Amino acid sequence: MSRANDFLGMVEALKNVAFPTAIVEATADEKLKICLTCPHGKNGNRCETTAKHVSKVTGQTITSTGGCGCSFTLLHRQGRKKCHLNRW
Ligand code: SF4
């Protein structure tokens, strides 16, 4: 993912926050539902860069990396940047 693409995604997100549409908000809701089930998104506000979760198989605590650190408000209202873990 290039920085230019990230920048353009941020511009798109800011436009969509300022001028929301039904389709963008519906898509954002769907992405948020997925993120809230992810160890990186449990705080409900942003994609944490690292997250801890308990393995259902081993019961051990696992530290996962790969979250982007972005605010959900912006991340979910643009179409250029994808989930780094390919969940959406
Ligand atoms: S963007 Fe991806 S990695 Fe980040 S919280 Fe959402 S589903 Fe998890």
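Helices (H or I, at least four residues) and strands (E, at least two) are DSSP runs, numbered from the N terminus. The structure examined here is a predicted model, in which local features need pLDDT of at least 70, side-chain atom pairs count only at pLDDT 80 or more, and totals for chains, interfaces and linings use all residues. Residues are numbered from 1 along each chain as its sequence is written.

The chain has 3 helices and 2 strands. Along the sequence they follow the pattern α-α-β-β-α. The C-alpha atoms fill a box of roughly 45 × 25 × 20 Å, taken along the principal axes. Burial was assigned by counting C-beta atoms, placed from the backbone: a residue is buried if 20 or more others lie within 10 Å of its own, exposed if 12 or fewer, and partly exposed in between. Buried residues make up 16% of the 88 residues in the chain. Two residues are in contact if their C-beta atoms, placed from the backbone, lie within 7 Å. Among contacts between residues at least 6 apart in sequence, 50% join residues at least 24 apart.

Helix 1 covers residues 3-18, 16 residues in total. From first C-alpha to last, helix 1 reaches 22 Å, close to the 22 Å expected at 1.5 Å a residue. The expected span is 1.5 Å times one less than the number of residues. The buried residues of helix 1 are Gly9, Ala13 and Asn16. Seen down the helix axis, they fall within an arc of 65 degrees, so they line one face of helix 1. The arc is that of the directions from the helix axis to the C-beta atoms. An α-helix has 3.6 residues a turn, so residues three or four places apart point the same way. Helix 2 and helix 3 (72-75) are included in what covers the buried residues of helix 1. On the other side of helix 1, Arg3, Ala4, Phe7, Val11 and Ala18 are exposed.

Strand 1 and strand 2 pair in the antiparallel sense over 5 bridges. Two strands pair if DSSP finds at least two bridges between them. Thr50 has Thr65 of strand 2 as its bridge partner. The hairpin has 6 residues between the strands, and Gly59 takes a positive phi near 80 degrees there. Strand 2 (residues 61-65) lies largely in the open, because 0 of its 5 residues are buried.

Thr49 lies in the loop between helix 2 (22-36) and strand 1 (50-54). Thr49 is partly exposed because 14 other C-beta atoms lie within 10 Å. Leaving aside neighbours within four places in sequence, Thr49 is in contact with Thr65, Gly67 and Gly69.

The shell around the ligand was examined next. A residue is near a molecule if its C-beta atom, placed from the backbone, lies within 6 Å of it. The residues around the ligand include Ile34, Cys35, Cys38, His40 and Gly67. By class, the shell has 6 nonpolar, 4 polar and 1 charged residues. Ala, Val, Leu, Ile, Met, Phe, Trp, Tyr, Cys and Pro count as nonpolar, Asp, Glu, Lys and Arg as charged, and the others, Gly among them, as polar.

Ile34 is placed in helix 2. Ile34 counts as partly exposed because it has 13 C-beta neighbours inside 10 Å. The C-alpha atoms of Ile34 and Trp88 are separated by 7.5 Å, although the two residues are 54 apart along the chain.
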